[in-house]
Amino acid sequence: MRWSDYGTPEDYRRMAGALAVVLIALAGLAVFDIIVIPGLRGGAAPYRGPDAPLGKTGWLDVSEQPATRGYMPAPVDLRALERSTPRLLERGRTIFARVCAPCHGPQGRADGPAASSLRPPPRDFTRPTGWKNGYGPADIFQTISRGVPGSAMASFDYLPAEDRIALARFEMSLGKFPHPAQKAKIEKLAEGFKSERVPNKIPVSLAMEKLEQEASKIPDLGEAGAPAVLDRPRAALWLSRSTAWRAGPRALAEAACLQAQDNGFSTSAAALSAGDWRRIYGEFMAWRRES
Ligand code: HEC
């Protein structure tokens, strides 16, 4: 028995060609796996501090991370605000570059790419003028945690307290003017400060499922509330959960129009008359008594 018994040299060449195509496809798949997939995983990952490795969430869709139980993180001592350490400054520098520099500029001179469009403009951290909440460490920590209402300066309380401390100390290092020490104020802050509980998390799909289950228990709105209602199941869910509207037709009109679309109401409901709202209120109350 020789190899030529099974096919002509032409047959073998064809088979070798097909084998090559399969091998090249497999190699391509391996490259996709090694290079592209980790990038996809990391791309939409939530911010997890400067030390968190990128591209390691392990899930292609981060909203589908497995359910995790909430926990209390180790207590944070706000007295760390009292002095800078090289580690704190380095951590602050990294987060600042990512999160704050677009507005405040890389050196804190209020010259980030977004700065020119902001009214009021961002604070210049290199100068002691114009500060609304003060520039001591406790002041800055509070500003970062709460934001400045009425400006583009949002609350960054989603950053862990340790990171907010690092940011405050780094920010102070950008201004070569004297900053107050605020020992007493820090002491007071530290006393009242409890570490924030990290809440339970469930995947988004499970949350949607639970919401649907809940909604399916609510009786149908029928014709009640026409023509103010756009999305009946959604409006029924809102009406059964919210209590604000039950005070009367006026409260109903205000609450419904304030969140129209989120609560299944039509935005044109704002044009309805007081009489319409009295009728609709009556219909909703009757629906509620039945359910
Ligand atoms: C979207 C733009 C934007 C980003 C991002 C931003 N800020 Fe601001 N920040 C502002 C603006 C605008 C003001 C001025 C607010 C005012 O004058 O009312 C401000 C003011 C401040 C102040 C001074 C408040 C005072 O007492 O006057 C501090 C401190 C501050 N920002 C820290 C930070 C830190 C730290 C970060 C990053 C975690 C950050 N900001 C990110 C826009 C921004």
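Ala110 turns up in the loop between α2 and α3, and its phi is near 60 degrees, a positive value in a residue other than glycine. Helices here are DSSP runs of H or I with at least four residues, strands are E runs of at least two, and both are numbered from the N terminus. This is a predicted model, where local features need pLDDT of at least 70, side-chain atom pairs count only at pLDDT 80 or more, and totals for chains, interfaces and linings use all residues. Residues are numbered from 1 along each chain as its sequence is written, and side-chain values use heavy atoms, with hydrogens and water left out.

**Iron site**
- His104 (NE2) and Met153 (SD) coordinate the iron atom of the ligand at 2.0 to 2.1 Å. Donors are N, O and S atoms within 2.8 Å of the metal (3.2 Å for Na, K and Ca), and sites may look incomplete because water is not among the atoms.
- His104 sits in helix α2 and Met153 in the loop between α3 and α4, so the pair ties together parts that are 49 residues apart in sequence.
- The iron site is octahedral, with 6 donor atoms and angles of 87 to 178 degrees (for six donors, opposite ones must be over 155 degrees apart and all others between 65 and 115).

**Ligand shell**
- There are 24 residues around the ligand, and Cys100, Cys103, His104, Lys132 and Met153 come nearest (a residue is near if one of its heavy atoms lies within 4 Å).
- The shell divides into 16 nonpolar, 5 polar and 3 charged residues (Ala, Val, Leu, Ile, Met, Phe, Trp, Tyr, Cys and Pro count as nonpolar, Asp, Glu, Lys and Arg as charged, the others, Gly among them, as polar).
- Helix α2 gives the largest share of the shell, 4 residues.

- A polar contact is a pair of N or O atoms within 3.5 Å. Arg123 has a polar side-chain atom 2.8 Å from an oxygen atom of the ligand.
- A polar backbone atom of Asn133 lies 2.7 Å from a ligand oxygen atom.

Key. Polar contact = N/O pair within 3.5 Å; in protein donor to acceptor, adjacent residues only side chain to side chain. Tetrahedral: all angles 85-135°; square planar, octahedral: opposite > 155°, others 65-115°.
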